[in-house]
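Thanks for coming, everyone. Let me put the structure up, and then I will walk you through a few places.

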Amino acid sequence: MNSLTYPIVDSVTMLRRTLAHMLSNPVVTILTTIGTPVILLVLMYNLFGGVIQANSATSGSYINYLTPGMILITGIYSTGWAALRINADMTQGIIARFRSMSISRSAVLNGHVIGSTLGTLTSITVVLGLAYLMGFRSAATPVELLAALGLILLYVTAIMWLAIAVGVWGKSPDAVNGVLYLVYILPFFSSAFVPTTSMTPVVAWIATNQPFTPIIDTLRALLTGAPLGDRAVVALAWCLGIGLVGFIWSRIAYNRSTKI
Amino acid sequence: MINVQGLRKAFGKQVVLDGIDLHVADGSIFSLLGPNGAGKTTTVQILSTLLQPDAGSVSIAGHDLKREPEAIRRLIGLTGQFSAVDTVLTGQQNLLLMVNLRHMDRRAGKRRADELLERFELVDAANKPVSSYSGGMRRKLDLAMSLIGNPRLIFLDEPTTGLDPRSRQTMWELITELAAHGVTIFLTTQYLEEADRLSNRIGVLDKGRLVAEGTPADLKHRIPGGHVELQFADATSLDRAAQSLSSTVRDENTLMLRVANDGSVEALRHLLDQLDSSAIPVTGLSVHTPDLDDVFFALTAQPTAQPTAKTNEKEAAQ
């Protein structure tokens, strides 16, 4: 082991700490991260399933339409927990200890982002399993499936960097929750539950031009074999943009918070 | 070990440190003594590389604070005012976290962690989450975490604030033991007794300025003389004593008379002879040598606040 590997070694140490946090209270972890997505999945399927089944715009069963959006929503509802965990670090004494030690500066952030990404991917797997039980079937080719997994990984990593940035920046849990609340309601104005064509013009415009719709549409196209179109480029741009903003913002906020 | 010259720090318009010079010898215990808001924590934060100073030079073990903060971080351990422990993890997990972050050999690190759990009497609680620990246990774990990696210099920011007398006693023993092993200790405190008991040298900080610096004895010498307190059974005896003795302050309510006296055997015998020859009955006598409270009052011209009241405030804030 030499000093060049310290950033990696330290990040792994911090990752293990994040995982230990998650596993220290598994019931709370599961309830806070996948409780809402699971309820939404079941609720939306039962609310809209009958109505939308007949609508040709969804082209197929409603569970196939709903599931890609639920994957993204599961990611969104994991941001709160990730942000609050690092916020607790930043507002308590432990961060002063880390800062006064000779450890890689990025390790604290990396550990949180990687740990939360792994946790979120686990949650998505659980939600996908439930969707499968409810009848979700993918028509994707192996290449499309691989592309879909890549997009999910990119998306989750991106929103986790943003979540960590909000968590580092927020002076209190209330401030963090306030900002994330705005993110929580975005999926309701997207193509997650119903196609944008069925919305009123104003809502449709918001839905079309916000980040989640192109990502959901792309994921849906990849998983159900619908035509991809130019939405994939927009989706990738949003993911990279969100990730980059989160990455830079979290660093600036972390380096600025010199006072305990 | 620590050399500080002309250290200044302001937050906005509020000047917190207004030109501090400090020298802490290798292997000694240095106490920075002062009331809340004097700048103690800010000093510790700067010396432990958490805060950039506005001006002044700081060198720790020959490393310049601005140019080689990483070298300094490898040498120091910090136990901050607010416990720097991970409350979700267990005590042992906390220590092993430090082992990994210090890049120590796994097995040696595990041994060291077990050793510290033993020494700090935390073996029974080692596998319990820290959230279930008492204040004293957290503080001990906090210090134990700072000791992983054998730092040469330890910063302790108010190590006993909020602790019960027994935990405080234990903390004092641990600090003394560390110093005996050659670790340099820089601690801050608002307890005069603590600084007096532990330190080789004391710096008195008031409103961002170092108003005095020296050994506990040096500082006490700055206060002229001590006194003897005499207790009487009735007002008549008090009156008669006040008339026959010189340099006295009387308290009618408690029937006490305070007489200037340096506390030496000679001076005491003289005092007792005087009382004896006038046949004044004395019910009680106590000798007071000047303590740091007197020093603090004389240097900063303000009484130190009641430590207990401050402790409660701190606990409420946490």
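This is a predicted model: local features need pLDDT of at least 70, side-chain atom pairs count only at pLDDT 80 or more; totals for chains, interfaces and linings use all residues.

First, the interface. On chain A, 21 residues are in contact with 23 residues of chain B. Look at helix H1 (6-24) and helix H4 (94-99) of chain A: each supplies at least two residues of the side that touches chain B. The largest share of that side comes from H1(A), with eight residues. What classes of residue make up the side of chain A that touches chain B? There are nine nonpolar, eight polar and four charged residues.

Now to chain B, and helix H10, residues 265-277. How far apart are its end C-alpha atoms? They are 18 Å apart. At 1.5 Å a residue, the 13 residues should span 18 Å, so the two agree. H10(B) is hardly covered: its count of buried residues is zero.

Is B:Ala279 buried or exposed? B:Ala279 has 8 other C-beta atoms within 10 Å; exposed means 12 or fewer, so B:Ala279 is exposed.

One more loop. B:Lys207 lies between strand S9 (201-206) and strand S10 (209-214) of chain B. B:Lys207 is not a glycine either, yet has a positive phi of about 50 degrees. With 16 other C-beta atoms within 10 Å, B:Lys207 is partly exposed.

That is my tour. Questions are welcome.

How values were computed. Residues are numbered from 1 along each chain as its sequence is written. Chains are lettered from A and ligands numbered from 1 in the order in which they are written. Helices (H or I, at least four residues) and strands (E, at least two) are DSSP runs, numbered from the N terminus. The expected span of a helix is 1.5 Å times one less than its number of residues. A residue is buried if 20 or more other C-beta atoms lie within 10 Å of its own, exposed if 12 or fewer, and partly exposed in between; C-beta atoms are placed from the backbone. Two residues are in contact if their C-beta atoms, placed from the backbone, lie within 7 Å. Ala, Val, Leu, Ile, Met, Phe, Trp, Tyr, Cys and Pro count as nonpolar, Asp, Glu, Lys and Arg as charged, and the others, Gly among them, as polar.
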